[in-house]
Amino acid sequence: MLDQTTESLPLVQNRNDWWKGAVIYQIYPRSFQDTDGDGIGDLNGILNRLPYVRSLGVDAIWISPFFRSPMHDFGYDVSDYRDVDPLFGSLEIFDELVRRAHSLGLKVLIDLVFSHTSDCHPWFVQSRSSRNNPKADWYVWADPNPDGTPPNNWLSVFGGTAWEWETGRGQYFLHNFLATQPDLNFHNAEVREELLDVMRFWLRRGVDGFRLDTVNFYFCDAELRSNPALPDNERSDDIAPKVNPYNFQRHIYDKNRPENLGFLRAMRGVLDGFGGRLAMGEVGDAQRGLEIMSEYTSGDGLLHSCYAFDLLSGDRISAERVAAIMHRFNVMAADSWATWAFSNHDVVRHATRWGLSEAAQKTVLTLLICLRGSVCLFQGEELGLTEAQLNREELRDPYGIRFWPRFRGRDGCRTPMVWDASAENGGFSDVKPWLPVPEGHRRSAVTAQDSNSDSILAHYRKAIQLRRDWPVLKTGGLLELRAEGPILSFHRGAADSRLYCAFNLGDEEKEVSMPDGNWSVLFGTGNRPSGGALRLEGWSCVIAGEEIGG
Ligand code: BGC
């Protein structure tokens, strides 16, 4: 049994702290809403659907990359940081989107991919052209070993060596992802200054902050030392699937470098100059994720929050597991602010990953909403969408194509949003979409759930509203955390108000005794009183409130 406390923060939030405890809705633009009839979503589509997003009750949207890109990694390979790809729209439409979102009370976060660019970026085109051009040192270049092999053992997350040969320079360049995604050289001060200026460009356009892609990959070891091997028993599939040899190394030299902290401080300096803007880092590391998260968010001078991978992994959700994660977080990262998520554009949708029934999806969402930290939801999870089962010919993700069939890549979670159960392609597009809309998804469309008060969609709205109504769920302490069999329980507390939260994360009905005091049930699913206790059906929950001193 685990039992520990966390300090609570003042419940009246400073306006600049809007992100503390916020619910953020992730939009993957390619798959949200097509308005120009090319089968690919666009910014105009997001603009048109903002009232729906607002109806969920979320505080902010995070839009995955929409910058100019050859789309080898679907926008995570940027060829111009200061422009919108014509596929998605224009800067004018983006500005209008920000205006409209703000008028609806929604903050806008964009996704900055700084660790690497596209190989089509003019910086790289110039850099690769010779060893002595003005951008020659903007990427990570290295001579081959005397036997012609790459300079060290670093591997790409997407498979194979992380080094690609460039005949023109007679050198290798580093790519932590695709060979068309060369890594920028953060040891070069001009590179760092240029990227800070990209941030200013978007902050001036009114964005409320950034999700920082692969923030722990920015710097690599200046001496390019090889990573040590990772023993078999320490490997996990949190970041890369088990079949990927990337998991066979301890990533101490290719990423997670201490020099990164200086740049994060400089980023924070830029953000603070604008006020109330958020830096939320994506820290991908299977072994040291929490530790790095804590390092990057401690104090007031670095990132505000980091995006935690712990609940994005394949390990099934259970009371014991969630309690262990919260416990580790408290021990290792007590003064950090986590952002928790179950699904995103990189992992198998959690309804499928954890094999959850509709009742179970409602329960785990309620749990997410009750955790201390901020929350990221991924488009479509509020409809209960499952992972789409695509065949080999339908795949678009180079990662899945490479590791098929042992790992099927990320297309299954990126299929289009479904708006209208009776429309072709679920109302996403009038033409064949870039990824298919599974028939089962169409039946879960917004129109099929909107007016049904028992639907998953309705439950998401109610649970998010609960968090709005009870600030203690955003910033209160998390106390008396316990895992007993399938029951996870904790209190969210502050001086004058306290909530008791209990979740049955198992199939069988269980009884929970309410803590001492005068509690009344505020919210929940599948629970009923039984004497002085409560019976919780399999995969159900209860949130009860107590006024202290009232
Ligand atoms: C993004 C991925 C992307 C990778 C490389 C990630 O963590 O979320 O979608 O492929 O960074 O940019």
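Trp-141 stands opposite Phe-173, a residue of strand 8. Strands here are DSSP runs of E with at least two residues, helices are runs of H or I with at least four, and both are numbered from the N terminus. Before going on, note that this is a predicted model: local features need pLDDT of at least 70, side-chain atom pairs count only at pLDDT 80 or more, and totals for chains, interfaces and linings use all residues. Residues are numbered from 1 along each chain as its sequence is written, and side-chain values use heavy atoms, with hydrogens and water left out.

Strand 8 covers residues 171-174 and pairs with strand 6 in the antiparallel sense, over two bridges; two strands count as paired if DSSP finds at least two bridges between them. The open sheet has three strands in the order 6-8-7, with antiparallel pairing. At its edges are strand 6 (141-142) and strand 7 (163-166), each pairing on one side only. As a rule, strands of a sheet pair through backbone hydrogen bonds.

## Around the ligand

The ligand has 13 residues around it, and the closest are Asp-73, His-116, Glu-282, His-345 and Asp-346. To count as near, a residue needs a heavy atom within 4 Å. By class, the shell has seven charged, three polar and three nonpolar residues. Asp, Glu, Lys and Arg count as charged; Ala, Val, Leu, Ile, Met, Phe, Trp, Tyr, Cys and Pro as nonpolar; and the others, Gly among them, as polar.

Now for some polar contacts, meaning pairs of N or O atoms within 3.5 Å (within protein, one must be able to donate a hydrogen and the other to accept it, and residues adjacent in sequence count only if both atoms are side-chain atoms). A polar side-chain atom of Asp-346 sits 2.5 Å from a ligand oxygen. For His-345, the distance from a polar side-chain atom to an oxygen of the ligand is 2.9 Å. Arg-410 also has a side-chain N or O atom 2.9 Å from a ligand oxygen. On its own, the ligand has 310 Å² of accessible area (Shrake-Rupley method, 1.4 Å probe), and the protein covers 96% of that.

Most residues other than glycine have a negative phi, and most peptide bonds are trans. Trp-404 and Pro-405, however, are joined by a cis peptide bond, with omega about -5°. Pro-405 is in the loop between helix 10 (398-403) and helix 11 (439-443).

Glu-480 has a positive phi, near 50°. You'll find Glu-480 in strand 14, which spans residues 477-484.
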